[in-house]
Amino acid sequence: SQDFDNAWWAKARSSISANAGVAPDGTTTADKLIVDSGAHSYSICSVVNNVIVSTDNTLSCYAKPDGFNYLNLVQFTSTGGSTQGVQFNVSTGVVAHSANATGTITDAGNGWYRCSMIPTTTTATVSHMIAASAGGSFSTYFNTPVTGDGSKGILIWGAQYETGTLTTYLPTT
């Protein structure tokens, strides 16, 4: 849940710099999701887990700006169902956009926010995605165009997927 450089997390048009910042718990375990150089239709870190997304599940992640101010949390389906997603401005602490989901953002101190989304529709999903974003409009699959320089990104830490509403962060290894 904290090691985004682990091979379990797939990267697209991005990379991870491990232990690049101080996490909300005070340890130097926050990873930086860095957008690759160039213009891209999206840039993500995702995990494929083939679960049924329901309105009883919550996806969350801590985030802090480090060159990009927006975080997208997405539950993506390729089976023709509805993709659920929320875009958060982790510079101002507000939900910027949502589709088929309800988002909440909570100040965690020291510039960190805990971002969470609960789907408002039920569908089969093939992956959970965390994306650094420049904000703005998003496509059907919650992709947002982004131009990276290979060094700017967003600090992320403590991803969690759980049944029910958001609870205290529970680290997993």
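Let's start with strand β16, residues 153–163: nine of its eleven residues are buried, so the rest of the structure largely encloses it. Buried here is under 20% relative accessible area with a 1.4 Å probe, protein chains only, and strands are DSSP runs of E, at least two residues, numbered from the N terminus.

Quick caveats: this is a predicted model, where local features need pLDDT of at least 70 and side-chain atom pairs need 80 or more, while totals for chains, interfaces and linings use all residues. Numbering runs from 1 along each chain as its sequence is written, and side-chain values use heavy atoms, leaving out hydrogens and water.

So who sits beside β16? The open sheet has six strands, ordered β2-β3-β16-β7-β12-β11, with antiparallel pairing; pairing takes at least two DSSP bridges between strands. On one side, β3 pairs with β16 over four bridges, and L33 has I154 as its bridge partner. With β7, residues 57–66, β16 makes nine bridges, and A63 stands opposite I156.

What about the edges? β2 (14–21) and β11 (101–109) each have a single partner strand, so one side of each lacks a neighbour in the sheet. For β2, the pairing with β3 (residues 30–35) is antiparallel over five bridges, with G21 bridged to A30.

Zooming out, the chain has 16 strands and zero helices. Buried residues make up 47% of its 173 residues.

Conventions: Buried means under 20% relative accessible area, exposed over 50%, partly exposed in between (1.4 Å probe, protein chains only).
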